[in-house]
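Subject: A structure for you to look at

Hello,

Here is the structure I promised to pass on to you. Please open it next to this message and find each residue as you read.

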Amino acid sequence: MSEAENTLYELCRRYQALLLNQDATTITVALAGTPTPEMLEALRFTSQRSVQIERWPQARMEQYQQEESDSGESVPETITSLVDHILLQAFQRRASDIHLEPCAAGVRVRLRIDGVLQLLQTISANQQAALIARLKILGNLDIAERRLPQDGQFTLQLEGTQAAFRLSTLPVRAGEKAVIRLLQSESQDLALEKLGMPPAALTHFRHALAQPQGLILVTGPTGSGKTFTLYSGLSALNQPGSNVCSVEDPVEIPLSGVNQTQINPRAGLDFQRVLRALLRQDPDVIMLGEIRDVESAEIAVKAAQTGHLVLSTLHTNSTTETLARLRQMGIPGYLLASALRLIIAQRLVRRLCPHCRAPAEQMKTLPTPGWSGQLQTWQAAGCDHCFSGYYGRLALFEILPINSDLQTAIAENASSETLSLLAQRQSLNSLFVEGLNAVNRGETSLAEVYRVIGADHG
């Protein structure tokens, strides 16, 4: 493409128009709105030809762009380059998600890095439609559909690495918002030792994984690392002598040797249907991505009672709260007591940058059970390596093995207070105390522990 043609295409993109055709005397341009005198003058001056305008609906314009892409013809280079640049920036900065949000100034682009959103750039409003259309083309979505949410996936080669992305679009007041999740690659180290569990907690986890049957639950809010812990456990159980199966939405890390099934609600393939089918597939280990409702909880508990080791997640805040949640879901105490082996509650906190962290005050007293003595605190200074004072994240774990005393209490439907007391007798640290240990070691800040776990724990 010549420099003059590039300039002409760039001019059309600036005015949200499509260059359809050009000959020696005329250029033909499609436009959704009414051409302004400035636009017509600019096109005439740049092309040195007369300008013919075709009025198209916006949906037709977007469909035309998709057909160009599908036929192998050129997609506007600046939009393609812009999308590639955003994806590369997210990849290089270790982002987990990209948010593209229409606002008064245009499109705000933010990256979630180490669990916190950070502004990357703002894109002009006249590029908004083309930007979303390009993403929809990558995700194989309907670019003419702007009234309903859509989901898709795509892969790109970035710096020699095959990177996978999950795209979600949502109509909002000012247009369409897009969120892109950077999926974890299979090259990640899933060894249990890499989780960062304290030795005592890791011993309990290994012991539970070694059982022939039972239920292991990993709990915490969205974005707390539950899925990675599940995959690490699944990887440890992935042996030639075992039939290891999973039900996921979506499959985030492909594991060779594991029979991974991705649900597809549109086709009628939901969690319950896959779970019931899996039980007829002679499984030894079943990983259920999430216990979402009463039916999936019942199937998981019954599977754990009938010779299967079941791993799953639940959205609860602590180990003892998980027991109360399962009771609220209607799981009888006697069934839960015989099935449950271990509950892990976890959070992810940002790790202090080792290049610029600085010691702060020593706190002499903290009104927290399980912590005694002084606490060395640290501050996040910020440097050229980290920019924010933090670099990477570390996991905090609260472990609750289901011993015989807890089994008896669960079976007898004991109160939450009784269950909490029995859990405390095992002398295992709470999430907050684990956070304080990390602060004292200089791995994170006290402010970060409060941000993630909550001040009420203190």
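Let us begin with Ile216, which counts as buried because its relative accessibility is 0%. You will find Ile216 in strand 10, which covers residues 214-219. Please keep in mind that this is a predicted model.

What does Ile216 touch, once its neighbours within four places in sequence are left aside? Its contacts are Phe205, Ala208, Leu209, Leu309, Val310, Leu311, Ser312 and Leu342.

Now move on to Ile286, in strand 13 (residues 285-288). Is Ile286 buried or exposed? With a relative accessibility of 2%, Ile286 counts as buried, because the cut-off for that word is under 20%. Setting aside neighbours within four places in sequence, Ile286 is in contact with Cys245, Leu275, Leu278, Leu279, Leu309, Val310 and Leu311. Leu309, Val310 and Leu311 are also among the contacts of Ile216. The C-alpha atoms of Ile286 and Ala447 are 38 Å apart, and the two residues are 161 positions apart along the chain.

There is a record to go with this part of the chain. An unreviewed UniProt entry annotates residues 279-293 as "domain: Bacterial type II secretion system protein E". In the model, that stretch is 0% helix and 27% strand, and its end C-alpha atoms lie 18 Å apart.

For a contrast, have a look at Arg44 in helix 2 (residues 37-47). Arg44 is partly exposed, at 39% relative accessible area. Not counting residues up to four places away in sequence, Arg44 touches Arg49 and Val51. The C-alpha atoms of Arg44 and Gly330 are separated by 72 Å, and these residues are 286 positions apart along the chain.

In helix 13 (residues 416-424), Leu419, Leu422 and Ala423 are buried. Seen down the helix axis, the buried residues of helix 13 fall within an arc of 100 degrees, so they line one face. An α-helix has 3.6 residues a turn, so residues three or four places apart point the same way. On the other side of helix 13 you will see Glu417, Leu421 and Gln424, which are exposed. What covers the buried residues of helix 13? The cover includes helix 10 (319-328), strand 18 (390-401) and helix 12 (404-411).

Helix 5 (residues 128-138) gives another picture: it is mostly covered, with nine of its eleven residues buried. Those buried residues are Gln128, Leu131, Ile132, Ala133, Arg134, Leu135, Lys136, Ile137 and Leu138. Notice that the list includes Arg134 and Lys136. After helix 5 comes Asn140, with a positive phi near 60 degrees.

Asp114 sits in the loop between strand 5 (106-113) and strand 6 (116-123), and at 9% relative accessibility it counts as buried. Ser427 also has a phi near 55 degrees, and its place is the loop between helix 13 and helix 14 (431-440). Where Asp114 is buried, Ser427 counts as exposed, at 63% relative accessibility.

Finally, zoom out to the chain as a whole. How many helices and strands does the chain have? There are 15 helices and 18 strands. Along the principal axes, the C-alpha atoms fill a box of roughly 90 × 60 × 40 Å. Of the 458 residues, 46% count as buried. Among contacts with a separation of 6 or more, 61% are between residues 24 or more positions apart.

The accessible surface comes to about 22,000 Å², and carbon and sulfur atoms make up 48% of that area. As for charge, the chain carries 40 positive and 46 negative side chains, and the centres of these two sets lie 4 Å apart.

Enjoy exploring, and write back with any questions.

Best wishes

How values were computed
Residues are numbered from 1 along each chain as its sequence is written. This is a predicted model: local features need pLDDT of at least 70, side-chain atom pairs count only at pLDDT 80 or more; totals for chains, interfaces and linings use all residues. Side-chain values use heavy atoms; hydrogens and water are left out. Helices (H or I, at least four residues) and strands (E, at least two) are DSSP runs, numbered from the N terminus. Buried means under 20% relative accessible area, exposed over 50%, partly exposed in between (1.4 Å probe, protein chains only). Contact means heavy atoms within 4.5 Å. Accessible areas come from the Shrake-Rupley method with a 1.4 Å probe; for residues, only the protein chains shown count as cover. Lys and Arg count as positive and Asp and Glu as negative; His and the chain ends are not counted. The place of a charge is taken as NZ of Lys, CZ of Arg, CG of Asp or CD of Glu. UniProt positions are given in the numbering used here, feature names are shortened, and annotations may be inferred rather than shown by experiment. The arc is that of the directions from the helix axis to the C-beta atoms.
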